Amino acid sequence: MSASMTISQPRVERRDPLTLTLLLTVTLSLYGFYLVYQWAKELGQLTGKDRNSGTVLLLSVLTLGIAALVYEYMFASEAAALEQQRFPKQAPSSLPTWVLVLNCAGVLCSLTVVLLPLAIVFGVAGSVLVQMQFNRLLDDIVTADVYTAA
């Protein structure tokens, strides 16, 4: 095999849930735009689907974050499906349902000024759950590579 034909491993970044929580909280969830952009790139690499992460970011910004919530749910569903493919005997993940519930609760709470802090908490919790799923997928890939190399 020539050097130009080498297969590269998908680049998925492991993010610490606590750091992610702090970044989302301090930036009032503006970091979420970057996060959705990165998730689109990473999930595209993992699934092999052609995904334009620039479009994901643009739509998220133009819709003031509503599209980002939709994409977050879609990415949670795809990540859960990937895990189900890798481990078919496991019970199906309830991650997409939790992300949907947290995001809907966050949107509803954001409609009133009094509940706005709670809206941020719900939004951050949904994003952290999705990132934790990505971290699990990354751990599975690294573990599979170790066993394959041995």
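Biologist: Where is the place of Leu28?

Modeller: Leu28 sits in the loop between α1 (17-26) and α2. Helices here are DSSP runs of H or I with at least four residues, strands are E runs of at least two, and the numbering starts at the N terminus. Before we go on, this is a predicted model, where local features need pLDDT of at least 70 and side-chain atom pairs count only at pLDDT 80 or more, while totals for chains, interfaces and linings use all residues. Residues are numbered from 1 along each chain as its sequence is written, and side-chain values use heavy atoms, with hydrogens and water left out.

Biologist: Then what is the phi of Leu28?

Modeller: Phi of Leu28 is near 55°, a positive value in a residue other than glycine. Ser29 is in the loop between α1 and α2 as well, and Ser29 also has a positive phi, about 75°, although it is not a glycine.

Biologist: Is Leu28 buried or exposed?

Modeller: The cut-offs go like this: buried is under 20% relative accessible area, exposed is over 50%, and partly exposed is in between, with a 1.4 Å probe and protein chains only. Leu28 has a relative accessible area of 60%, so Leu28 is exposed. Ser29 comes out at 28%, which means it counts as partly exposed.

Biologist: Let's zoom out. How many helices and strands does the chain have?

Modeller: Six helices and zero strands, giving the pattern α-α-α-α-α-α along the sequence. Of the 150 residues of the chain, 35% count as buried. For the contacts with a separation of 6 or more, 66% join residues 24 or more positions apart (a contact is heavy atoms within 4.5 Å).

Biologist: And what is the mean pLDDT of the chain?

Modeller: pLDDT is the predictor's confidence in each residue, from 0 to 100. The chain's mean is 89, and 89% of its residues reach 70 or more. Over residues 1-7, though, the pLDDT is below 50, and that stretch has one contact in the model beyond near neighbours in sequence.

Biologist: Now helix packing. At what angle do α2 and α3 pack?

Modeller: Two packed helices are described by the angle between their axes and the distance between the axes. Axes are lines fitted to C-alpha atoms, for helices over the stretch in contact, and angles run from 0 to 180 degrees between N-to-C directions. For α2 and α3 the angle is about 155°, with the axes 8 Å apart. Angles under 35 degrees count as roughly parallel, over 145 as roughly antiparallel, 65 to 115 as roughly perpendicular and the rest as oblique. Therefore α2 and α3 are roughly antiparallel to each other.

Biologist: Which residues of α2 meet those in α3?

Modeller: On the α2 side, Phe33, Val36, Tyr37, Ala40 and Lys41; on the α3 side, Ser53, Gly54, Val56, Leu57, Ser60 and Val61. By class that divides into seven nonpolar, three polar and one charged. Nonpolar covers Ala, Val, Leu, Ile, Met, Phe, Trp, Tyr, Cys and Pro; charged covers Asp, Glu, Lys and Arg; the others, Gly among them, are polar. Take Ser53: it is buried, with a relative accessible area of 8%, and beyond neighbours within four places in sequence it contacts Tyr37, Ala40 and Lys41.

Biologist: How do α2 and α4 pack, by angle and axes?

Modeller: Helix α2 (residues 31-47) and helix α4 (residues 66-86) have their axes 11 Å apart, at an angle of about 30°. That makes α2 roughly parallel to α4. The α2 residues in the contact are Val36, Trp39, Ala40, Leu43, Leu46 and Thr47, and those of α4 are Ala68, Tyr71, Glu72, Phe75, Glu78 and Leu82. The tally is nine nonpolar, one polar and two charged.
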